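Have the structure open as you read.

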Amino acid sequence: MKKIRTTNPVAVGDNVLFEVNAEGQALISEILPRRNYIIRKASNLSKESHIIASNVDLSFLVVTLAHPETSTVFIDRFLATAQAYNVPVCLIFNKTDLYTDEERQRAENLIALYEGLGYRCFRTSALLGEGVESLKNEITGKITLFSGHSGVGKSSLIKVLLPHMEIKIGEISDYHQKGRHTTTFSEMYELPEGGYLIDTPGIKGFGTIEMKDSEIGHFFPEIFEKSRECRFGNCTHTHEPGCAVTKAVEEGAIAASRYQSFLSIMDDATESKYR
């Protein structure tokens, strides 16, 4: 793994060696190598990063079409980072009971897009219990991360999945239609049927780190596939003649939203050159 400066040297999911001193306190002596992790730019320290969780078998990104809305840029940044650090990821489209007909159609369009790219998608409602059994079957025996914006209903879903646990549920601000933080630190829960579930604080933004502009396209499956047809081997897919990627975007073969997300991560990589 890359050596990256992080705000949390020890992350939820880490395997460690520890020693117990004479006072009975356990002190970590070594953090064992991580097989994967989800990482993002720290919110307050632009030159630092924050590891959300490590050594996970599966990550669920919980998103909502409204109350509050999760942008496709946020979704794509999370997916690209998961791809970069070898974390299998699925999408949960939550709060289906609140969708208008228009929002429901938009959700189905997004599900068709992401499933077409190979990402599994779930439709859930903690209130109605929709999709809960499918999630239970999926997480049994695995170490699973739940992540997403504040207010997307992570805690409500987890409370349904783990009814024996006391889990706080927040409210949505009527003024901003954004969630208030109910989880202030990452916490790992043991599952009755085997496995563990990691609940994380709501994420406002997802800044990417340590991605070279020449690598970013590798983390978008459809862009990586199409890039083989570009005229130049070092094509950045932004301005070059004979670029198969920009042509595919113009023709609708690559979704415009995905391409915009790709460009936004390119901006992150460019900014890092001037720090």
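Let's begin with Val10, which sits in the segment before β1. Helices (H or I, at least four residues) and strands (E, at least two) are DSSP runs, numbered from the N terminus. Please keep in mind that this is a predicted model, in which local features need pLDDT of at least 70 and side-chain atom pairs count only at pLDDT 80 or more, while totals for chains, interfaces and linings use all residues. Residues are numbered from 1 along each chain as its sequence is written, and side-chain values use heavy atoms, with hydrogens and water left out.

Val10 has 40% relative accessibility and therefore counts as partly exposed; buried means under 20% relative accessible area, exposed over 50%, and partly exposed in between (1.4 Å probe, protein chains only). Together with Phe18, Val20, Ile28 and Ile31, Val10 makes a nonpolar surface patch of about 450 Å². Patches are made of residues with over 30% relative accessible area and no salt bridge, where like charges are joined within 9 Å and nonpolar side chains (Val, Leu, Ile, Met, Phe, Trp, Tyr) within 5 Å. Accessible areas come from the Shrake-Rupley method with a 1.4 Å probe, and for residues only the protein chains shown count as cover.

Phe18 has Ile28 of β2 as its bridge partner. Five residues lie between the strands of this hairpin, and Gly24 in the turn has a positive phi of about 85 degrees.

## The six-stranded sheet

Which strands form the open sheet, and in what order? There are six, in the order β7-β6-β5-β8-β10-β9, with mixed pairing. β7 (121-123) and β9 (187-190) are at the edges with a single partner strand each, so one side of each is left without a neighbour in the sheet. From one strand to the next, the twist averages 25 degrees; angles run from 0 to 180 degrees between N-to-C directions, with axes fitted as lines to C-alpha atoms, for helices over the stretch in contact.

Strand β5 (residues 58-63) runs parallel to β8 (residues 143-147), and four bridges join them. Helix α3 (residues 132-139) packs on the sheet, touching β5, β6, β7, β8 and β10 (196-199). Contact means heavy atoms within 4.5 Å.

Thr124 lies in the loop between β7 and α3. Is Thr124 buried or exposed? Thr124 is buried, with a relative accessible area of 0%. Leaving aside residues up to four places away in sequence, its contacts include Ile92, Phe93 and Leu157.

## Salt bridges

The structure holds 13 salt bridges, each being a side-chain nitrogen of Lys or Arg within 4 Å of a carboxyl oxygen of Asp or Glu. Arg258 pairs with Asp76, with the closest N and O atoms 2.9 Å apart. This pair links helix α7 (residues 256-272) to helix α1 (residues 72-84), 182 residues apart. Arg258 is buried at 1% relative accessible area, and Asp76 is buried at 0%.

Terms used:
Pairing = 2+ DSSP bridges.
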